[in-house]
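This briefing covers a ligand site and a few loop residues. The structure comes first, and the notes follow by topic.

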Amino acid sequence: MYSTFESDKKLVKYHPSARQLEVEKMEFYAFAHFTVNTFTDLEWGNGTEPEEIFNPTEFDANQWVNALKSAGIKGLILTCKHHDGFCLWPSAYTEHSVKNSPFKHGKGDVVREVSEACARGNIKFGVYLSPWDRNCPLYGQGKAYDDYFCSQLTELLTQYGELFSVWFDGACGEGPNGKRQIYDWERYYALIRKLQPNACISISGPDIRWCGNESGQTRESEWSVLPTEFYTPEEVAANSQKSDDTSFREKKVDCMARDLGSREFLEGAKDYRWYPSETDVSIRPGWFYHASEDDRVRSAENLIDIWYRTVGGNSMLLLNIPPDRRGLFHETDVQRLREMGEYIDRTFAVNLAENATVTSDKDDGYHTADALKTDSYDEYFKTFDGENTAEILIELAKKSDVTHIVMKEHIPMGQRIEKYTVYAELENGVWKTVESGTTVGYKRIMKFDSVHTDKIRISITDSRICPILSFVGVY
Ligand code: FUL
């Protein structure tokens with residue numbers, strides 16, 4: 001039995017801000033890690049790399065965007081400056097940038113070309129700006145570095161169109177003898193809110209939460225309402241990478257608590273916030289391109305499995321594809337993205353629920369189960385307050401082989417469902433359990449062995465408060 005903690009009512013009042021909801025709806029977006037490391041074969045540059053080495057001779061951001069779109073990816077976050085401090089745009093505040101490289105004879109601007117290619121391809125654009133800078137002599141000098149950082153941030157926030165994400169890494173390798181910078185986070189956040197009010201501030205920031213690992217691991221029960229006090233940038237930094245140690249990316253669950261959102265876990269917290277999970281993982285072992293990893297690109301099967309567990313498990317998928325020394329995505333990576341997209345398109349091409357009859361054992365008199373046929377937050381299904389269970393019956397137009405069911409909660413009104421079971425009626429009238437689970441949140445994708453059926457029953461058996469669903473799909 002659950003405790004008497006008032007969580008059921010209290011917790012559902014937390015819901016996504018408009019900017020969070022927009023990013024959650026993107027579901028699947030990409031990272032591109034590109035800098036001097038691409039040319040030195042390192043993962044963490046030390047800040048002393050000569051600008052001359054940055055020379056992608058066949059750079060083509062359109063090739064990146066086309067490859068991303070083939071996988072159904074909706075946005076791209078570029079490492080405009082990684083820990084080495086080299087800027088992919090001609091920043092006015094440092095000489096350590098593309099302007100002193102041979103790339104386009106010092107006249108190039110990778111950030112501009114990538115942002116414009118995204119706009120042309122109709123996908124969103126976001127920026128990664130590493131707070132840790134191993135090149136800048138001001139690093140560790142308090143306000144002087146904050147000024148520098150804010151000047152660069154302002155360039156990125158004002159010169160490259162609308163951004164969906166400003167991604168602040170928690171990683172920092174400065175040890176006890178290093179130069180320690182106490183970042184003025186509140187100042188950075190205020191600047192972003194002023195100049196890009198629709199952008200989410202991710203990871204070392206208040207809008208999007210790091211899932212806690214870099215190896216594609218996910219939680220079975222992923223909640224979006226969490227205690228606020230555990231998620232300061234300092235906490236994120238404490239769990240992030242502190243040395244250039246490749247094993248970090250292989251780590252399974254060490255830095256990833258399994259339960260961040262159950263009622264028991266939340267009880268007694270001072271405050272809560274809507275803080276949805278994002279899973280960042282690379283298509284290759286490294287975040288940057290290394291020719292030696294050309295035969296270690298994740299298989300389409302592995303990528304699709306990660307996609308199911310993230311997008312279909314109330315997390316967002318941030319998949320890194322590192323451009324190579326030419327400035328192109330490698331052929332193998334391009335092929336994998338295409339395979340992923342083809343699989344997803346094929347699997348979810350026909351939603352059998354569209355022509356089905358969808359009813360429920362109860363509703364609140366206004367929000368009937370028929371609304372579940374449309375994937376939109378304009379309409380939803382809801383029971384009366386106080387009714388925390390519901391049975392939804394989906395009667396298909398004809399018997400079909402069903403392998404997937406998708407459920408979405410109406411998250412503009414919070415995350416509520418704690419337990420569900422799905423049944424399908426077999427030839428002999430017997431109801432077979434096809435899957436049972438816990439959280440739903442933004443989206444739950446259930447994949448199971450094919451059942452031949454024309455009746456599916458979704459049973460919500462526990463919810464923090466009356467369940468509200470916006471969509472059910474059958475494939
Ligand atoms: C980590 C960084 O140290 C890696 O290089 C990479 O940028 C990854 C996304 O975050 O913490």
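Which side chain does a polar contact of 2.8 Å join to that of Asp109? The partner is Tyr160; a polar contact here is a pair of N or O atoms within 3.5 Å, where within protein one must be able to donate a hydrogen and the other to accept it, and residues adjacent in sequence count only if both atoms are side-chain atoms. This is a predicted model, in which local features need pLDDT of at least 70 and side-chain atom pairs count only at pLDDT 80 or more, while totals for chains, interfaces and linings use all residues. Residues are numbered from 1 along each chain as its sequence is written, and side-chain values use heavy atoms, with hydrogens and water left out.

**Ligand site**
- The ligand sits in the largest cavity. A cavity is a set of points, on a 1 Å grid over the protein atoms alone, where a 1.4 Å probe fits but cannot get out; a molecule sits in it if more than half of its atoms lie within 2 Å of its grid points.
- Residues around the ligand (a heavy atom within 4 Å) include Phe31, His33, His82, His83, Tyr128, Glu214 and Trp287.
- Oxygen atoms of the ligand lie 2.9 Å from a polar side-chain atom of Trp44, 2.8 Å from one of Asp169 and 3.4 Å from a side-chain N or O atom of Gln241.
- The protein covers 98% of the 290 Å² of accessible area that the ligand has on its own (Shrake-Rupley method, 1.4 Å probe).

**Loop between β2 and α5**
- Asp109 is in the loop between β2 (75–81) and α5 (110–120); helices (H or I, at least four residues) and strands (E, at least two) are DSSP runs numbered from the N terminus.
- Asp109 counts as buried because its relative accessibility is 10% (buried is under 20%, exposed over 50%, partly exposed in between; 1.4 Å probe, protein chains only).
- Beyond four places in sequence, the contacts of Asp109 (heavy atoms within 4.5 Å) include Leu88, Trp89 and Phe103.
- Phe86 is found in this loop too, and it is buried, at 0% relative accessible area.
- The C-alpha atoms of Phe86 and Val98, twelve residues apart along the chain, are separated by 7.7 Å.

**Positive phi**
- Most residues other than glycine have a negative phi.
- Asp41, in the loop between α3 (37–40) and α4 (61–70), has a positive phi near 70° and is partly exposed at 41%.
- Lys104, in the loop between β2 and α5, has a positive phi of about 50° and is partly exposed at 40%.

Conventions:
On a 1 Å grid over the protein atoms alone, a cavity is a set of points where a 1.4 Å probe fits but cannot get out, and a pocket is an open set with protein on both sides within 12 Å along at least five of seven lines; lining residues have an atom within 4 Å of a point.
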